[in-house]
Amino acid sequence: MADRRPELEESGRAKRQRTDDRDPRNNPYLAHHYDDAAASAAGPQFNSRKGKSNGAASGRSLDAFKRHETIAADARKAEDGPNNPFTAAPLSQQYFRILKTRRDLPVHAQRDEFLEMYHKTQILVFVGETGSGKTTQIPQFVLFDDLPHYYGKMVACTQPRRVAAMSVAQRVAAEMDVELGEEVGYSIRFEDKTSPRTMLKYMTDGMLLREAMHDWDMTRYSTIILDEAHERTLATDILMALLKDLSTRRPDLKVIIMSATLDAQKFQRYFHDAPLLAVPGRTHPVEIFYTPEPERDYVEAALRTVLQIHATEREGDILLFLTGEEEIEDACRKIRLEADELVREAGAGPLKVYPLYGTLPPQQQQKIFEPAPPPDVPDGPPGRKCVVSTNIAETSLTIDGIVYVVDPGFSKQKVYNPRVRVESLLVSPISKASAQQRAGRAGRTRPGKCFRLYTEDAFKKELIEQTYPEILRSNLSATVLELKKLGVDDLVHFDLMDPPAPETLMRALEELNYLACLDDEGELTPLGRLASEFPLDPALAVMLISSPEFYCSNEILSITALLSVPQIFVRPAAQRKRADEMKDLFAHSDGDHLTMLNVYHAFKGAEAQANPKQWCHDHFLSFRALQQADNVRTQLRRIMERSEIDLVSTDFNDKKYYENIRRALVAGFFMQVAKKDASGKLYTTVKENQSVLLHPSTVLATEAEWVVYNEYVLTSKNYIRTVTAVKPEWLLDIAETYYNLDEFKKGEIKTALLRTQDKMRRKAAQKASYK
Amino acid sequence: MAHRQREPSAGEASDDEDDYMAMSFAEPDSPAHKETSMQRRARRVREGEIKGRVKSKAEREADAAAAQEEALATALDDSNKGFRMMAKLGYKRGAALGKSEGARTEPIKLSRKDDRGGIGLEAERKRKLRDEAGNVPNKAKFDEWDYRDRMAQEAQERRIEGQIFHAQRMAETLDTEEEAGGNTAGQGIDSGTKPLTSCNVLWRGLVLQRQADEEEQQMRRERDRNLSRFKDCVYSADDGDSSDDDEHRNVLEAKLNDRTLFDEQDDEPEADPELEEFNSLPPAERLTRLLVYLRDKHHYCFWCKCKYPDFALDGCPGVDEEDHD
């Protein structure tokens, strides 16, 4: 390794000389300027090298390749070494070991077919079931043919999830025998692991969208691959619409849409009947069982089924789908208890139970890959493992050894309704497509069984065909701001695959107008332009930008970072009381935002930093979340500095220290305000007039008459979460347009605000008369 | 309802107190100046009591749910700034966005899940309710109705169904007593001893339902016993991966048909046109028939809750509930 580095770095420098002058790392959004320059510089260089036409001598087997004319055999030869075709370094033993397994993947058999189609067409739809190897192999197939590094370009492959982008990049770097972050890198929100030498970049779809805001033509890429398109994330949908449009402006750009089998024709149709290539996955048949009648309690039914499988079925691991962390942890506990009893009383084999959900720490997520326990006695009943998971095990994570799937038919899904302006996660029935995907998980290693905890009739009649794409279930204000920045002016006729309900767009435009990011004509304002620089919700971005006016941009920056990461407070079921006591140490009586800020300040203090992990553990705080918040804060600070937004604080001993912060919160969240009812128990949201309760986790005492909230959560009750007390005067003062009382419906809130207005006028008049 | 619509839309907010009162007590038809001071005081006390009364949890929840329901059913109107921006781009109310055909014009409905009922349970419950009610509601008509009216209508129907149930029980008891010579006060008949069709059609449905309930209980008990061998009993298998072809579908259908056959044999032993006809009558009509039957046959008035000595039912104000107010 060591002797390889210097040569590598040299070649990198030679190829992209301008890198060092401009140092684009400090300014990633300007990097594309540099890429343009490099492209034109690299062209002739490439030609001259081609003129020598002696690839083998330089150790670069790709020099002789003709772009978009290669066949699988060429690539195969280059892959066989002995030197790395991209770096010219000698290839390692591990490389050849992996290469052997790679060539066994289903996609490999169709490499020539793929290349032929890739040569012929600009947009290609590629369908491969999970396990076909498409995510890791197709981008490499493209590299060998597209040769982006000779043209100063890159190949991008998008992923819906951060974790997938990171782990796949790591895997592919190993497959190509290069260091992660060099030839193969990744880019996710708040983390960029690429270098000037990067030719293949895995990134979240959201990141590519953000890049496009500064580079409408996506000039730094020669091929863009949208992976997992069937998941239909918000960003993927927007990217598809942009690429559909861009493909006419940039005929040299190639686009590959990759999807699991579902709904492939829909993609073809959307992209002007683009050709399709399908690769079969490696799956075994799965036998499906339904219940004869609907279940009264799906969790209870699920537990029963898992235990029955364990007691009666042949060996093979179990995957149970449930909806959320709490439900999963609870189910795990119960299964363990019951399984122990089965072992004792019925002589069943050992059963290991693992939870799996997004917020689980990585090292615990890794546990699901541990093999099942052996039988207690030789030739005794088989031991097995049971993974209880959210729908992340549906597509994104593959667990080998699963033979039995238990599917109650629910998952937590995001919903948005523009009429009440609520975006929340709700337990909802899955779609038929999801149910099939879940069942398919049982057939990865050998023929399996899927137990659906509903009737076949319910499957046919109650489940929708496809899960609604995210764009139909989301608040679009951030997206609309991005689109405006992307130069999309006619949002009404923007050619999306599944356009959202008109009211959703209406609300987004209205919200952006109230935030002063769009003017009344719908044009981007300077504030809007600035807000779009931040990878944040517009309300958060506006709050951050206006915070210097309240002399607390440092503090608001911290709060914004804290609001952008998962929950920082940990509350294990067994130690709730202790956890609450610890939280009280940081509590600020005016609200949760201030409490979080106190936590952050303590976390950054000398005492905590001496051993931050232990400190967090002792105080029931998530070390991971706080660390992440710290990282996010650094990234956001850079953007602020670049945008010349002052970083200021009020003196901590000033009695206005916290008040200023609360005022600054109003500047962003004036549309998320609720007032306490006369009854004193419920709150009512301003303008939408929805009754809500303070979330039980709040530190806020119920005296607060007016509160801003960060989140409106729908469960069996309507909650507002993360709340801080504010004053009605501030609302009228800071958000004048939104609080134009003429537009308010008659009611308690309007009456109270009118009274406040009178009071303010009287005070102002008094002041004036004194002068 | 009516006065609410006539309320002035602006300028009323200058006097806070009046505004306050208007929320619950706007009565434009009774001018305030006719009020004497005594009356005013009485009114204020009354109003204060109402206002001061803390609403029960259930009331508050019902209010909140109604407010949410209403907000969800109300589309954003043209005064919305976003709408105006969209209109400038050529958007017309009621149209969809984008270029593809068939895009949605309404937001996806919010459906909240408050319990752990499995998929299909809710539909099953509704189906059972409908079967019990025995009539098919006129869907097209329902859609046109305002939500509140529909709820009121449904509540009224439920109330009548409840009254029918009680009237049926009464009729059954009286008939049975009479049959037994009036010397036992037995609660209903033993469903096993007599063929169903010999029961009076007016309360035959009641007996049928009771039998069905007993059977279901029996089945549930049996199922619970069999759980340990669940593979044979709890699940019905269909072979192979269901993401596939016709051959497989045929197997499914065959299995499904098997089950349907099985169900029919078990739950609906024979057709009963007489009962069906009775059940297809509107609830109010069924109730009336029962009431008249009770009066004619047993000289019993359902509303007075007593038996009269003779056919004249001397002292009873009439057949209908309103007569008994």
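This is a predicted model: local features need pLDDT of at least 70, side-chain atom pairs count only at pLDDT 80 or more; totals for chains, interfaces and linings use all residues.

Tutor: One word comes first: a residue is buried when its relative accessible area is under 20%, exposed when over 50%, and partly exposed in between, using a 1.4 Å probe and the protein chains only. Residues are numbered from 1 along each chain as its sequence is written, and chains are lettered from A and ligands numbered from 1 in the order in which they are written.

Our part is helix α5 of chain A, residues 72-79. Helices (H or I, at least four residues) and strands (E, at least two) are DSSP runs, numbered from the N terminus. Which residues of α5(A) are buried? They are A72(A), A75(A), A78(A) and E79(A). These residues lie on the same side of α5(A), because they cover an arc of only 125 degrees around the axis. That arc is taken over the directions from the helix axis to the C-beta atoms. An α-helix has 3.6 residues a turn, so residues three or four places apart point the same way.

What covers that side? The cover of the buried residues includes α6 (93-102), α7 (111-120) and α8 (134-146) of chain A. Cover is judged by contact, meaning heavy atoms within 4.5 Å. Just after α5(A) comes G81(A), with a positive phi of about 85 degrees.

Now step back along the chain. L62(A) sits in the loop between α4 (55-58) and α5 of chain A. L62(A) has a relative accessible area of 0%, so this residue counts as buried. Leaving out residues up to four places away in sequence, L62(A) touches A78(A), P85(A), F86(A), F144(A), L147(A), H149(A) and Y150(A). A78(A) is one of the buried residues of α5(A). L62(A) also has a C-alpha that lies 9.8 Å from that of N84(A), 22 residues apart in sequence.

Further on, G152(A) lies in the loop between α8 and β2 (154-159) of chain A. Its relative accessibility is 4%, so G152(A) is buried. G152(A) and S424(A) are 272 residues apart in sequence, and their C-alpha atoms are 43 Å apart in space.

Other loops of chain A hold buried residues too. D177(A) is in the loop between α9 (162-175) and β3 (184-188) of chain A. D177(A) counts as buried because its relative accessibility is 13%. Its phi is positive, about 60 degrees, although D177(A) is not a glycine. M218(A) belongs to the loop between α10 (205-212) and β6 (221-226) of chain A. At a relative accessible area of 2%, M218(A) is buried. M218(A), a residue other than glycine, has a positive phi near 45 degrees. T323(A) is placed between β10 (317-321) and α14 (325-346) of chain A, again in a loop. T323(A) is buried, at 6% relative accessible area. Residues up to four places away aside, T323(A) touches Y298(A), T390(A), F410(A), S411(A), K412(A) and V427(A).

Chain A has 31 helices and 21 strands. Of its 771 residues, 60% count as buried. Among contacts in chain A with a separation of 6 or more, 73% join residues 24 or more positions apart. The C-alpha trace spans about 90 × 75 × 55 Å along its principal axes. A compact globule of 771 residues would have a radius of gyration near 28 Å, and chain A agrees, with 28 Å. That radius is taken over C-alpha atoms, and the globule rule is 2.2 Å times the number of residues to the power 0.38.

Chain B has 13 helices and 3 strands. Of its 325 residues, 26% count as buried. Of the contacts in chain B between residues at least 6 apart in sequence, 45% join residues at least 24 apart.

Note on methods:
Side-chain values use heavy atoms; hydrogens and water are left out.
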